[in-house]
Amino acid sequence: MFIGQDELEAVKVSPVLLCIVYYVSNQISLLFTYSFMNSFHLNHAPTEYDVVIVGSGAGGGMAAYTLAKAGAKVLLLEAGGYFDPADPKYITQLKWPYESPRRGAGTTRAFGDFDAAWGGWDIEGEPYTTVKGTEFHWFRSRMLGGRTNHWGRISLRFAPDDFRRKSMTGVGEDWPIGYNDISPFYDRVDKLIGVFGSKEGMESEPDGYFLPPPKPRLHELMIRKGARSIGVPVIPSRLSILTKAINDERGACFYCNQCGRACQAYADFSSSSVLVKPALKTGNVTLVNGAMVREVTTDPATGLATGVNYIDKATMDDVKIKAKVVMLAASTGETARLLLNSKSSRFPQGLANSSGVVGKYINDSTGASRSAFIPALMDRKRYNEDGVGGMHVFTPWWLDNKKLDFPRGYHIEYWGGMGMPAYGFGWGVEAMNGMIAARDGSMKAGGGYGAGLKDDFRRFYGAYVGMAGRGEPVPLESNYCEIDPSVVDKYGIPVLRFNYKWGDYEIRQAKHMQDTFEEIIHSMGGIALGSKPDASNNYGLAEPGKIIHEVGTVRMGNDPKNSVLNKFQQAHDVKNLFVVDAAAFPSQGDKNVTWTILAASMRTSEYLFDQVKKKNI
Amino acid sequence: MKRRDTLKAISLTGFGLAVTPVEAAVPAPPTPKPLKIPGGRQKFEAERDAKLMGEKFFTPHELQTVTVLSDIIIPADAKSGSASQAGVPAFIEFMMKDQPGNQTPMRGGLRWIDNTSKRLFGNDFVACTKAQQIELVDQIAYPKLAKTGMTQGASFFSMMRNLTASGFYTSKMGIEDIGYVGNVPNQWNGVPNDVLKQYGLAYEEREIAGYE
């Protein structure tokens, strides 16, 4: 619902804080609302915040948590709505497929009706474009906690070598920091948030402080046995899911396999449940939902950031916020967009962009997959093997790239077993049941109907496995996002235009994945399904953006000429401007980056506090 | 005071009451009926679902054909009921509206079935005898064996089989039939011992003893 222009004018004369009071959700603790309302009535509400944070995902949540605990007055702006997986209003966990008229199909949510991501690759009214001949798919979650509500909870540390790939291989870029700079923060994140895993002593997959990992499921034991027989390691996965309770605010996992729906016991990590809510309880954080930030404002005289302007999505009001420090955690794409859209006479190329590097080097994980049928698993005994949300085992990168024709590694994720049926169950059986002998040993043509078909579904249930590689790409200057000169979103904000193409290294890596997948499948007596992806389809390499691991648009570095941020993720050009999402990362390893976002955001937030204490900011 | 109330107060005191010619030219839309948003749905999704539920896609004849075909694909047997007993036709109806790309292949396929059964047996598919229906289905149920002139029917039948299987096995009846016993809070303690034994597998020492 839009209000009229007259009312818009009226709002401008009212204090900005009025808007905030309304939008601070009623979910927030009474104490907080009470003190805030009080301050409003007493008319000394702060007109300038210590820090404004844009985005409430992993990076923004951790910054809000760290700064609020330290006593800073924080304004947390989130473009999406309020979300709490423990509130029945939002719960999808433990629902049955028949509670959805489409049985969970992905019509309005990319990963299905029950998935906890509001948004997706396409959002009505929020377009983006791509340069002809290139492609990029941009996934956005518009909600408190962002994409952490539905992510895979794969929580890996970068290894020492992941920070220095350029020195090792001549391509890509080194980080301005090393493992020793960040490992104390990984340790603290492990203890604060909780992650299960096993100590393996592998240089390339550093150990942390682990909760006990769940035992492998049957198909995972079979994968492990087969893969190990051909020299491919399989170890317990490392997921931020509480196999044991770690405090009174969060429960332990109850093994429903549905972390992607967000957990009502807060037994998995999402920024909203684990960081933002405790941050709000300090009373130091004001949360505004539905705030689409369009610009970081600066003082033309000093060149310092002065705050942000946002569009209130519900009313379309343009709201001005003043803050001593601006922290961007809007996501790799949105953070770059915001800087590029924050042009002024002093910053004609966009804010903090004297290097011209903002938007460049965007890189997503590589991804390729294959599934298989395991005849030995037909006619399985039924029991509950839901387990945690995701794999109980995985394969860390195990080879030496010096002996291969691509310079970066990948890990392998696995799935399979007796999962809850969902939309798509039984789809394409005609390509399957012609390959498998009937109970009496006879072969029949694929397809069919009736009692025999029903029997096939029963026999095949739980006999499928799948695997997917997630690999490190080499970031390229030629892969970038920029402001589209002719397109705006429904808020009038100029949109991003992407220009992204996979390089040969990534395609060769995908080829290697496919060869490995077939070897693993054969090692366990499986039948690989579909035809093997080949050069005609880039060996099944997922289109850029489809793995939703994009990083690198506002990278840190020691040289202000080819980086935007210093080693504390502070803008070279604007000392009170910080970036605490994965936009800051020069590369992403073959490790999902969330754990590194969290550790780096904690590190940057503490650096900021130290700088304020020293009166440098 | 909530902001909405503030706005109301402001507009009533002189800021927003004037109706300009521009506003008058666009009549206000009727106030929509309040919609109860089910738990776990976004507002736009609930509105969309309610709208689709209010629409009809299949004609009665089409729905009858869908019902007969889905029960040929998943009939009742000793273990569970049939597709129609599990509500599959209603699910297929919804999917036609939810994903409109389904509509032409489905509507056209149903018409193909009738065209073909009239040519072969002189009747619409549902008016044919059970034996005639099966005679036709046998010619389109196995895509690799489908003869010229029957391949379009085979594509349609595969679509019907996919939708029927998905609809049946995601129903309460189908879930019980397939034997999925999860989606409840529980404690995962690993693969049962008899199953480990059956497959000749074992947990490692640290998995049995517990991690440090």
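Residues are numbered from 1 along each chain as its sequence is written, chains are lettered from A and ligands numbered from 1 in the order in which they are written. Local features need pLDDT of at least 70, side-chain atom pairs count only at pLDDT 80 or more, while totals for chains, interfaces and linings use all residues, and side-chain values use heavy atoms, with hydrogens and water left out.

Chain A has a mean pLDDT of 93, with 93% of its residues at 70 or more, yet over residues 1-45 of chain A the pLDDT stays under 50. Where pLDDT is low, the predicted coordinates should not be read in detail.

An open sheet of mixed pairing is formed by 3 strands of chain A, in the order E4-E16-E15; strands pair if DSSP finds at least two bridges between them.

| Strand | Residues |
|---|---|
| E4(A) | 129-130 |
| E15(A) | 480-488 |
| E16(A) | 494-499 |

E4(A) and E16(A) run parallel and are joined by 2 bridges, and Thr130(A) has Phe498(A) as its bridge partner in E16(A).

Ile175(B) lies in helix H9 (residues 172-178) of chain B and counts as buried (under 20% relative accessible area, exposed being over 50% and partly exposed in between, with a 1.4 Å probe and protein chains only) because its relative accessibility is 4%. Beyond its neighbours within four places in sequence, Ile175(B) is in contact (heavy atoms within 4.5 Å) with residues including Trp96(A), Pro421(A) and Tyr180(B).

Definitions and conventions. pLDDT = per-residue confidence, 0-100. Helix = DSSP H or I, 4+ residues; strand = E, 2+ residues; numbered from the N terminus.
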